[in-house]
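Here are some notes for a colleague who is about to look through this model.

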Amino acid sequence: MTEPAHRPRTDVPFYAGLLVLGGIYVVLLAGLLLADASYTTPPQLWAALQSAEIRYAIWLSLWSCTLSAFLSLLVAVPIGYLMSRHRFRGRALVDGLLDIPIVLPPLVVGLSLLILFHTFWGRWLEDAFKLLLSWLGIRRIRAITYDLPAVILAQFSVAAAFAVRTLRVTFDQISPRREQVALTLGCNRAQAFWRVALPEARRGLLTAFTLAWARSLGEFGPILIFAGATRMRTEVLSTTVFLELSVGNLEAAVAVSLLMIVAALAVLLLVRHLGSERNLAKVVEP
Amino acid sequence: MIAVEQLAIRQGAFRLDDVSLTVPTGQYAVLMGRTGSGKTTVLEAIAGLRRIHHGRVLLAGRDVTREKPGGRNIGYVPQDGALFTSMTVRDNLGFALAIRRWPRERIAARVRELADLLGIAPLLDRPARGLSGGEAQRLALGRALAAHPPVLLLDEPLSALDEDTRNDMYALLKSVRDRTGVTALHVTHSPTDAERLADVVFRLRDGKITS
């Protein structure tokens, strides 16, 4: 006797479930953006842009996030590579340590930075930095804490942890086999890294940079505690939102929020575009 | 010549003791063994990619036991090709020569020569990603041969290829051996590879070599 032919049941409920559950979140995000956009008017946006304080905050946010993102890559590449390629004593401990900025409330990171710079070595570093500034004849920056370096340091402390995670995964996904082949072809470790591993990791580098940049733009707690909220000095866009809200200027706060959304979207889209397979291929195909 | 003398490797629970083999100059040797027998480990030890516990490795008459992989003057073709996918076919072929700081014209001439030998001249300006299995293995072979190494080490180079491509590769590997006089050690689990290519066959079983 033959078994009756089996026919699988319909796929509709499965996809309906995926769409409904996933759709809830997408609708929530779109709703947030639309609500912000409907709350403000072009004249209000324009007025916000006319304010010297807000213009300063935009400018400071843009360059401090970019600098923090570069600094993050500078430490994330070696850490990500070492953690991915080498087994060493205390590796689990280092691994846990690297996750601290991700799990810790950002406010605590700021407080810890402040305390660090109140220790003997922290003060020593700050004094040395001040000496360096005066020696270089820089007057615009006067110290680390409550000044521009504190903004960068606060952003970097958190953003770098995300860049490290990203690059660790990136190097994990690149087979060490290619570097081994490079070694047999005459490379030393450094040449194998620069010529083979790093170019293979370029997508991960872009992702890590974007993530660090976006994370820096959203940083607020550590900056407030460690760098303060001095207008025309350490005020970044997230600080502006807080300052405007605290004086009851909801329109300006929303306008600045919208600016941040636009800036973040622009950076994300730009990096996606640069990082697309087609554009990356241009690097290879002259 | 490829000679391994009383090689011992320890790695966690895995260990190989007292492995010895000699491939005379110009011969094509095939090392056979089951999955997990340690044949790849032996090859990697010869290439300098794996720390050895005891023993000696001699290549082309030179003791290279303490030498880094890059100083052993070998060509190494891994199983999956492991092409440099961020580069073109041309840059893959010229990689070892660029590292050796050959002048540009000499590199170009050698790359052209290799591309003709391997039949991949039309692919030179293509990115190395997206090549077919046979093309990728030809390129991996060419990249390994570029700097005229006296020793060629191949790790299951044909295992991922279909029947027709594999037949082409047998012919190609034979012509490479005849034209370059390279001494080769080819690791595989395929008896056909051994029948079609080998001058000498070694078997690795229970950590011991028999020939």
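1. In this predicted model, the largest cavity is lined by Thr184(A) and Leu185(A) from one chain and, from the other, by Asn73(B), Ile74(B), Ala96(B), Arg100(B), Arg143(B), Ala144(B), Ala147(B) and Pro149(B). The space in the largest cavity comes to about 40 Å³, and the count of cavities of 30 Å³ or more is one. Sorted by class, the lining of the largest cavity holds six nonpolar, two polar and two charged residues.

2. Ala96(B), one of the residues lining the largest cavity, also belongs to the buried part of helix 2 of chain B. Eight of the eleven residues of this helix, which covers residues 89–99, are buried, so helix 2 of chain B is largely enclosed by the rest of the structure. The buried residues are Val89(B), Asn92(B), Leu93(B), Gly94(B), Phe95(B), Ala96(B), Leu97(B) and Ile99(B). Their cover comes from both chains and includes helix 8 and helix 9 (189–200) of chain A, as well as helix 3 (104–118) and helix 4 (133–145) of chain B. After helix 2 of chain B comes Arg101(B), which has a positive phi, near 55°.

3. Turning to open space, the largest pocket contains about 960 Å³. It is lined by 31 residues, of which Arg189(A), Gly48(B), Leu49(B), Arg50(B) and Arg51(B) are the closest to its centre. At least two lining residues are supplied by each of helix 3 (52–85) and helix 8 (177–184) of chain A, and likewise by each of strand 1 (2–11) and helix 1 (39–47) of chain B. Helix 8 of chain A gives the most to the lining of the largest pocket, namely four residues. By class, the lining of the largest pocket divides into 13 charged, ten nonpolar and eight polar residues.

4. Helix 3 of chain A, which contributes to the lining of the largest pocket, also packs against helix 12 (residues 237–246) of chain A, at an angle of about 150° and with the axes 8 Å apart. Because angles over 145 degrees count as roughly antiparallel, helix 3 and helix 12 of chain A are placed in that class. On the side of helix 3 of chain A the contact involves Ile54(A), Ala57(A), Ile58(A) and Ser61(A), and these meet Leu237(A), Thr240(A) and Glu244(A) of helix 12 of chain A. The classes present in this contact are four nonpolar, two polar and one charged.

5. How do helix 10 and helix 13 of chain A cross? The axes of helix 10 (residues 202–218) and helix 13 (residues 250–274) of chain A come within 10 Å and cross at roughly 175°, which means that these two helices are roughly antiparallel. Helix 10 of chain A brings Leu206(A), Thr210(A), Trp213(A) and Leu217(A) to the contact, while helix 13 of chain A brings Met260(A), Ala263(A), Ala264(A), Val267(A), Leu268(A), Val271(A) and Leu274(A). This contact has ten nonpolar residues, one polar residue and no charged residues.

6. Leaving aside residues up to four places away in sequence, Thr166(A) touches Gly204(A), Thr207(A), Ala208(A) and Leu211(A). Thr166(A) and Gly204(A) are 38 residues apart in sequence, and their C-alpha atoms are 6.6 Å apart in space.

Key. Residues are numbered from 1 along each chain as its sequence is written. Chains are lettered from A and ligands numbered from 1 in the order in which they are written. This is a predicted model: local features need pLDDT of at least 70, side-chain atom pairs count only at pLDDT 80 or more; totals for chains, interfaces and linings use all residues. Side-chain values use heavy atoms; hydrogens and water are left out. On a 1 Å grid over the protein atoms alone, a cavity is a set of points where a 1.4 Å probe fits but cannot get out, and a pocket is an open set with protein on both sides within 12 Å along at least five of seven lines; lining residues have an atom within 4 Å of a point. Grid points are joined across faces, edges and corners, and a volume is the space filled by probe spheres set on the points. Ala, Val, Leu, Ile, Met, Phe, Trp, Tyr, Cys and Pro count as nonpolar, Asp, Glu, Lys and Arg as charged, and the others, Gly among them, as polar. Axes are lines fitted to C-alpha atoms, for helices over the stretch in contact, and angles run from 0 to 180 degrees between N-to-C directions. Angles under 35 degrees count as roughly parallel, over 145 as roughly antiparallel, 65 to 115 as roughly perpendicular and the rest as oblique. Contact means heavy atoms within 4.5 Å. Buried means under 20% relative accessible area, exposed over 50%, partly exposed in between (1.4 Å probe, protein chains only).
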